[in-house]
Amino acid sequence: MTERNQILPSTLYLVATPIGNLDDITLRALKVLKECDFVAAEDTRVTGKLLSAYEIKKPCVTYEEHTKRSAGEVILRRLKEGESCALVTDAGTPGISDPGEDLIKLCLDNGVAVVPIPGACAVINALIVSGLSTRRFVFEGFLQGKDREKKERLSDLVGEKRTLLFYEAPHRLAETLAMMAEAFGRDRRIALCRELTKLNEEVLRLTLSEAVTHFTENPPRGEFVLVIEGADDTDGCFWQNLSVKEHVAYYADTMGMEKMAAVKAAAKDRGVAKNVIYKELLDDND
């Protein structure tokens with residue numbers, strides 16, 4: 001047994017766990033879970049089922065979004081006192097769109113060693129099965145905020161040439177797809193990856209227009225990873241034949257942005273300062 005495989009004191013282990021199929025656990029992950037002093041879990045009930053399946057008896061503490069500050073301080077104290085901890089999320093790799101990111105930073109800021117234990121990751125599995133380019137990609141996670149803020153974020157990504165990846169819940173999927181079709185164009189290709197590694201695993205490879213139609217007729221179930229092809233050289237240049245006023249109106253009226261945000265988006269597209277756009281709008285009104 002090399003030192004690299006030994007469970008070290010005062011160390012936070014980031015243990016990737018299966019996203020559906022329990023057989024996807026790694027031997028190294030099982031070793032860490034068996035030999036660490038305690039497990040920090042997003043939901044101890046979910047993790048308890050995993051541990052029980054492999055006959056692992058280990059004390060678990062809760063580390064989740066609403067209690068992460070107080071729980072993080074307790075975990076940090078225990079680590080600094082010499083204990084080892086396995087951090088897990090409900091499924092997949094901790095630190096990806098979950099509160100584990102904050103615990104990792106807290107430990108690093110306080111000189112505590114952090115060791116990754118690789119394994120399942122929904123976003124990577126979706127990317128490689130999507131049929132879209134894997135050469136360069138960007139992960140956006142869940143779109144945050146209200147509709148206006150989501151539309152603003154999507155407008156920022158219109159010209160992004162890398163493959164785009166998002167997470168989405170079923171009850172928001174139809175609305176999100178409609179926003180994406182409006183922002184990226186209805187012919188942009190998308191792979192919708194549902195319930196990966198589980199019994200009802202499904203990958204749909206469609207255009208955004210087809211995806212909107214499909215999920216209007218078929219209510220979505222399960223969690224999704226959305227993989228969208230990057231822009232080509234003509235995407236993001238829709239505004240070239242528009243006046244400044246029409247350009248701003250597109251973002252304000254079609255995308256539902258507030259005027260200030262619409263001006264900012266138009267200025268970004270044109271590579272000019274916001275005051276240049278404001279001046280041209282005022283001149284048009286004279």
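Analyst: A salt bridge here is a side-chain nitrogen of Lys or Arg within 4 Å of a carboxyl oxygen of Asp or Glu. Glu65, Lys68 and Asp102 are linked in a network of such bridges. This is a predicted model, where local features need pLDDT of at least 70, side-chain atom pairs count only at pLDDT 80 or more, and totals for chains, interfaces and linings use all residues. Residues are numbered from 1 along each chain as its sequence is written, and side-chain values use heavy atoms, with hydrogens and water left out.

User: How far apart are the closest N and O atoms of Asp102 and Lys68?

Analyst: They are 3.1 Å apart. The pair links distant parts of the chain, with Asp102 in helix H4 (residues 100-109) and Lys68 in helix H3 (residues 68-80), 34 residues apart. Helices (H or I, at least four residues) and strands (E, at least two) are DSSP runs, numbered from the N terminus.

User: How many salt bridges does the count come to?

Analyst: The count is 15.

User: New topic. Which residues of H1 are buried?

Analyst: In H1 (residues 27-35), Ala29, Leu30, Val32 and Leu33 are buried. Buried means under 20% relative accessible area, exposed over 50%, partly exposed in between (1.4 Å probe, protein chains only). Seen down the axis of H1, the buried residues fall within an arc of 165 degrees, so they line one face of the helix. The arc is that of the directions from the helix axis to the C-beta atoms.

User: And Val263, buried or exposed?

Analyst: Val263 counts as buried, at 0% relative accessibility.
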